[in-house]
Amino acid sequence: VGQALLPAIRTYDLHMEQFVEIIDGMEMDLDNNRYADFKALQLYCYRVASVVGLLAAAIFGYSNRQTTKYAHDLGLAFQLTNIIRDVGEDARRNRIYLPLEELQQFGVSEADILQARETEGFGKLMAFQIERARQYYSQALAELPAEDRKTQVTGLIMAAIYRTLLEEIEAEGCHVLKQKTSLPPLRKLWIAWRTWLKG
């Protein structure tokens with residue numbers, strides 16, 4: 001795999017430490033199935049998603065270094081969306097990515113998550129998680145300089161699709177413990193085409 005990556009690493013001047021960060025993030029999944037607080041979760045999200053965003057931004061190309069802030073925050077928003085979507089699926093594997101401190105804040109126990117109990121507190125907890133993800137999308141898109149919008153259009157298309165998914169989860173009532181929300185391929189294609197036209 002390393003040898004296969006070498007041409008891309010040389011062409012796009014990608015940094016080896018970023019690949020190591022991604023491996024470190026994957027390794028976190030071997031050792032952790034709970035995160036005490038958002039700071040701990042943030043490190044995981046940085047390694048498995050923000051770093052991927054930074055590498056992708058470098059491959060797509062940018063002229064303004066501010067674009068790296070956009071890529072970092074967009075990666076975080078993507079991973080938070082994945083975590084929200086997959087709460088039930090992760091729980092069935094004895095994994096809880098939602099910060100335990102925040103479960104406690106909303107009166108939700110680990111048992112509630114693992115046994116798929118949709119309490120009133122769980123609904124409030126998910127509303128809190130969705131709002132945070134939404135803020136990261138807004139922050140990321142505000143950070144993208146106008147001169148780099150065209151080269152970063154792939155990321156913008158993904159952002160539009162993922163934000164729509166987040167809105168769909170909310171619209172369906174956040175029943176993520178028992179179902180997994182997804183967008184039909186045609187809807188994704190429509191969102192992608194519309195976003196690409198906007199440039």
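Colleague: Which residue with a positive phi follows α3?

Modeller: This is a predicted model. Helix α3 covers residues 38–60. The residue that follows α3 has a phi near 100°, and that residue is Gly61.

Colleague: On which residue is the kink in helix α3 centred?

Modeller: The axis of α3 bends by about 45°.

Colleague: Which helix gives the most to the lining of the largest pocket?

Modeller: The largest pocket has a volume of about 260 Å³. Its lining counts 17 residues, and the closest to the centre are Val52, Gly53, Ala56, Phe78 and Met158. At least two lining residues come from each of α3, α4 (66–85) and α9. With 7 residues, the helix that gives the most is α4.

Colleague: How much space lies in the largest cavity?

Modeller: Searching the whole structure for cavities of 30 Å³ or more finds 2. The largest cavity is lined by Ile83, Val87, Asp90, Arg95, Ile96, Tyr97 and Leu98. The space in the largest cavity is about 40 Å³.

Colleague: Is Glu102, the salt-bridge partner of Arg132, buried or exposed?

Modeller: Arg132 and Glu102 meet through their side chains, with an N to O distance of 2.7 Å. The pair links distant parts of the chain, as Arg132 is in helix α8 (residues 120–143) and Glu102 is in helix α6 (residues 100–105), 30 residues apart. Arg132 has a relative accessible area of 11% and is therefore buried. Glu102 has 5%, under the 20% limit, so it is also buried.

Colleague: What is the distance between the closest N and O atoms of Glu168 and Arg187?

Modeller: Glu168 and Arg187 form a salt bridge. It links distant parts of the chain, from Glu168 in helix α9 (residues 153–171) to Arg187 in helix α10, 19 residues apart. Glu168 is partly exposed at 22% relative accessible area, and Arg187 is partly exposed at 34%. The distance between their closest N and O atoms is 2.9 Å.

Colleague: How many salt bridges does the count come to?

Modeller: The rule requires a side-chain nitrogen of Lys or Arg within 4 Å of a carboxyl oxygen of Asp or Glu. The Glu89 and Arg93 pair, at 3.8 Å, is one that forms such a bridge. By this rule the count is 14.

Colleague: Why does Trp196 count as exposed?

Modeller: Trp196 lies in helix α10, which covers residues 185–198. Exposed means over 50% relative accessible area. Trp196 counts as exposed because its relative accessibility is 53%.

Colleague: How much accessible area does the nonpolar patch that includes Trp196 have?

Modeller: The patch is on the surface and is formed by Trp190, Trp193, Trp196 and Leu197. An α-helix has 3.6 residues a turn, so residues three or four places apart point the same way. Together the patch residues have an accessible area of about 510 Å².

Notes. Residues are numbered from 1 along each chain as its sequence is written. This is a predicted model: local features need pLDDT of at least 70, side-chain atom pairs count only at pLDDT 80 or more; totals for chains, interfaces and linings use all residues. Side-chain values use heavy atoms; hydrogens and water are left out. Patches are made of residues with over 30% relative accessible area and no salt bridge: like charges are joined within 9 Å, nonpolar side chains (Val, Leu, Ile, Met, Phe, Trp, Tyr) within 5 Å. Accessible areas come from the Shrake-Rupley method with a 1.4 Å probe; for residues, only the protein chains shown count as cover. Helices (H or I, at least four residues) and strands (E, at least two) are DSSP runs, numbered from the N terminus. Buried means under 20% relative accessible area, exposed over 50%, partly exposed in between (1.4 Å probe, protein chains only). The bend at a residue is the angle between axes fitted to the seven residues ending there and the seven starting there. On a 1 Å grid over the protein atoms alone, a cavity is a set of points where a 1.4 Å probe fits but cannot get out, and a pocket is an open set with protein on both sides within 12 Å along at least five of seven lines; lining residues have an atom within 4 Å of a point. Grid points are joined across faces, edges and corners, and a volume is the space filled by probe spheres set on the points.
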